[in-house]
Amino acid sequence: QVQLVESGGGLVQAGGSLRLSCAASGSIFSIKRMGWYRQAPGKQRELVVTIISGGSTNYADSAKGRFTISRDNAKNTVYLQMNSLKPEDTAAYYCYAEVITTARSQFIAWGQGTQVTVSS
């Protein structure tokens, strides 16, 4: 029904930057909320940041001041600019979307995950 395709992960040194992208496609009428979660080995998946269609954001404390989310509603795409990366940011990053489908049903979509590795 709805697919999320992520890109932009990789290996970076501590203090460096990465930009993640996530594009949604499929039977989309509208997207209420998009965002990013992450999961490190042996840990639970945790919120990084979300953004609603009107632009309001919700950042985890660990992301405040270093990460910036933005959204292109026309392209159903969300971006995550990550600066001043730390080794503890190492994780698989998952895109998330709360979608209203063309059938007017609610659908929660997850991306396949993109790995971010920060070396010290």
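Trainee: Along E1, which side chains point to one face and are buried, and which point to the other?
Mentor: This is a predicted model, and in it the E1 side chains alternate. Val 2, Leu 4 and Glu 6 point to one face and are buried.

Trainee: In what sense do E1 and E3 pair, and over how many bridges?
Mentor: E1 and E3 pair in the antiparallel sense, over 6 bridges. If you want a spot to look at, take Leu 4: the bridge partner of Leu 4 in E3 is Ala 24.

Trainee: OK, switching to the disulfides. How many does a search of the whole structure find?
Mentor: The search finds 1 disulfide. This disulfide joins Cys 22 to Cys 95, with 2.0 Å from S to S.

Trainee: Left-handed or right-handed?
Mentor: The link of Cys 22 and Cys 95 is left-handed, with -85° about the S-S bond. Cys 22 lies in strand E3 and Cys 95 in strand E9, so the pair ties together parts that are 73 residues apart in sequence.

Trainee: And is Cys 22 buried or exposed?
Mentor: Cys 22 is buried, at a relative accessible area of 0%. Cys 95 is buried too, also with a relative accessible area of 0%.

Trainee: Now the largest nonpolar core. Which residues touch the most other members?
Mentor: Trp 36, Phe 67, Leu 80, Met 82 and Tyr 93 do, out of the 30 residues in that core. Strands that each supply at least two residues of this core include E1 (2-7), E3 (18-26), E4 (28-39) and E9 (91-101).

Trainee: Which strand gives the largest share?
Mentor: The largest share of this core comes from E9, with 5 residues.

Trainee: I've got Met 82 selected. What is Met 82 in contact with, leaving aside neighbours within four places in sequence?
Mentor: Met 82 is in contact with Gly 16, Ser 17, Leu 18, Leu 20, Arg 66, Phe 67, Tyr 93 and Val 116.

Trainee: Let's do charges. How many salt bridges does the structure hold?
Mentor: The structure holds 5 salt bridges. One of them is between Arg 33 and Glu 98, where the closest N and O atoms are 3.1 Å apart. That pair links distant parts of the chain, with Arg 33 in strand E4 and Glu 98 in strand E9, 65 residues apart.

Trainee: Is Glu 98 buried or exposed?
Mentor: Glu 98 is buried, with a relative accessible area of 11%. Arg 33 is partly exposed, at 24%.

Trainee: What else does Glu 98 touch, not counting residues up to four places away in sequence?
Mentor: Besides Arg 33, Glu 98 touches Ser 30, Ile 31, Lys 32, Gln 106, Phe 107 and Ile 108. There is also a polar contact of 2.5 Å joining the side chains of Glu 98 and Tyr 96.

Trainee: Which residues are linked in a network of salt bridges?
Mentor: Arg 38, Glu 46, Arg 66 and Asp 89 are. Arg 38 forms a salt bridge with Asp 89, the closest N and O atoms being 3.0 Å apart. Arg 38 sits in strand E4 and Asp 89 in the loop between E8 and E9, and these two are 51 residues apart.

Trainee: And where's Arg 66 in all that?
Mentor: Arg 66 is in the loop between E6 and E7, 23 residues apart from Asp 89. Asp 89 forms a salt bridge with Arg 66, with 2.7 Å between the closest N and O atoms.

Trainee: Are Asp 89 and Arg 66 buried or exposed?
Mentor: Asp 89 is buried, and so is Arg 66. Arg 38 is buried as well.

Trainee: Last one: Tyr 59. Which strand does Tyr 59 lie in, and what is Tyr 59 in contact with?
Mentor: Tyr 59 lies in strand E6, residues 57-59. Leaving aside neighbours within four places in sequence, Tyr 59 is in contact with Val 48, Val 49, Lys 64, Phe 67, Thr 68 and Ile 69. A polar atom of the Tyr 59 side chain lies 2.9 Å from the backbone nitrogen of Ile 69.

Trainee: How far apart are Tyr 59 and Glu 98 in space?
Mentor: Tyr 59 and Glu 98 are 17 Å apart, C-alpha to C-alpha, and 39 residues apart in sequence.

Key: Residues numbered from 1 in each chain as written. Predicted model: local features only at pLDDT ≥ 70, side-chain atom pairs only at ≥ 80, totals over all residues. Heavy atoms only, no water. Core = buried A, V, L, I, M, F, W, Y, C linked by side-chain atoms within 4.5 Å. Buried < 20%, exposed > 50% of the residue type's maximum accessible area, 1.4 Å probe, protein only. Helix = DSSP H or I, 4+ residues; strand = E, 2+ residues; numbered from the N terminus. Contact = heavy atoms within 4.5 Å. Disulfide = S-S within 2.5 Å. Polar contact = N/O pair within 3.5 Å; in protein donor to acceptor, adjacent residues only side chain to side chain. Pairing = 2+ DSSP bridges. Salt bridge = Lys/Arg side-chain N within 4 Å of Asp/Glu carboxyl O.
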